[in-house]
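Please read this briefing alongside the sequence and the coordinates.

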Amino acid sequence: MEQHGKAEPAGLEVVVTTMASDSHTWNLVFLQLLLEELGHRVTNLGACVPDELLVAECRRIEPDLIVLSSVNGHGQQEGLRVIAALRACPELRRTPTVIGGKLGIAGSDDPTRQEVLLAAGFDGVFEDAGAVTDFRAFVGSLSAGVLL
Ligand code: B12
């Protein structure tokens, strides 16, 4: 498997961020603490991150994993825009990138959302009740080198 980022035995280098419209922060704090507890290093870009800054920071950090979180209901729309910008950078084209939270305004039961986001380039979409458990398993497989 091709190696991405600067993964060391000590854990993954992870960027946690939300997107331009979203001012919620406790979701980001939660994800940072969860990932740090699992032994990974986190750069938390905070709320309302403009696309240009998000992409520039990811290019600078060259993370092993990018985690987008959104809860204000615009996550799907914004996620589609941001994943296109990330995948347009050769160095981020294959960086594992996931999105989660409350991604629309009609709850988590939109059957097409996951499909659309995965087709757009995300490696994982975590939205429903089991989101955190599934995310932990995803991160575990990444650490074990399964997806790197
Ligand atoms: C506090 C809050 C605010 C505060 C935020 C302050 C701050 N500094 O964060 C303020 C007042 C600013 C705010 C504003 C708004 N809010 Co608000 N807010 C909340 C509230 C009450 C709590 C959010 C919170 O902190 N939760 C604690 C964290 C830890 O939980 P969480 O965010 O849900 O994240 C969990 C999961 O979603 C999941 N998760 C999140 N991201 C990810 C990513 C991955 C990869 C994974 C695996 C899991 C995951 O893990 C977390 C832990 O379980 C929620 C309602 C609620 N009870 O959830 C509404 C809520 C999120 N807000 C909502 C809305 C609509 C707004 C506004 C649009 C309201 C308005 N008309 O102005 C604005 C939007 C502002 C903006 N530009 O984004 C809606 C979103 C609706 C939707 N998605 O369908 C909610 C759900 C309220 C509601 N029921 O309608 N809000």
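Helices (H or I, at least four residues) and strands (E, at least two) are taken here as DSSP runs, numbered from the N terminus. The model is predicted, so local features are reported only at pLDDT of at least 70 and side-chain atom pairs only at pLDDT 80 or more, while totals for chains, interfaces and linings use all residues. Residue numbers start from 1 along each chain as its sequence is written.

**Ligand shell**

- Helix H1 gives the most to the shell around the ligand, with 4 residues, where a residue counts as near if its C-beta atom, placed from the backbone, lies within 6 Å.
- There are 23 residues around the ligand, and those that come nearest are Trp 26, Ser 69, Gly 100, Gly 101 and Phe 135.
- Two or more residues of this shell come from each of H1, S3, S4 and H5.
- By type, the shell divides into 11 nonpolar, 10 polar and 2 charged residues, with Ala, Val, Leu, Ile, Met, Phe, Trp, Tyr, Cys and Pro counted as nonpolar, Asp, Glu, Lys and Arg as charged, and the others, Gly among them, as polar.

- Leaving aside neighbours within four places in sequence, Ile 99 is in contact (C-beta atoms, placed from the backbone, within 7 Å) with Leu 68, Gly 75, Gly 79, Leu 117, Phe 122 and Val 125.

**Helix H5**

- Helix H5 (residues 131-143) has 13 residues and reaches 18 Å from its first C-alpha to its last, close to the 18 Å expected from 1.5 Å times one less than its number of residues.
- Phe 138, Val 139 and Leu 142 are the buried residues of H5, buried meaning 20 or more other C-beta atoms within 10 Å, exposed 12 or fewer, and partly exposed in between, with C-beta atoms placed from the backbone.
- These residues lie on the same side of H5 because they cover an arc of only 95 degrees around the axis, taken from the directions from the helix axis to the C-beta atoms.
- On the other side of H5, Thr 133, Ala 137 and Gly 140 are exposed.
- The cover over the buried residues of H5 includes strand S3 (65-70), strand S4 (97-101) and strand S5 (124-126).
- Ser 141, also in helix H5, is partly exposed, because it has 13 other C-beta atoms within 10 Å.

Key. Two residues are in contact if their C-beta atoms, placed from the backbone, lie within 7 Å.
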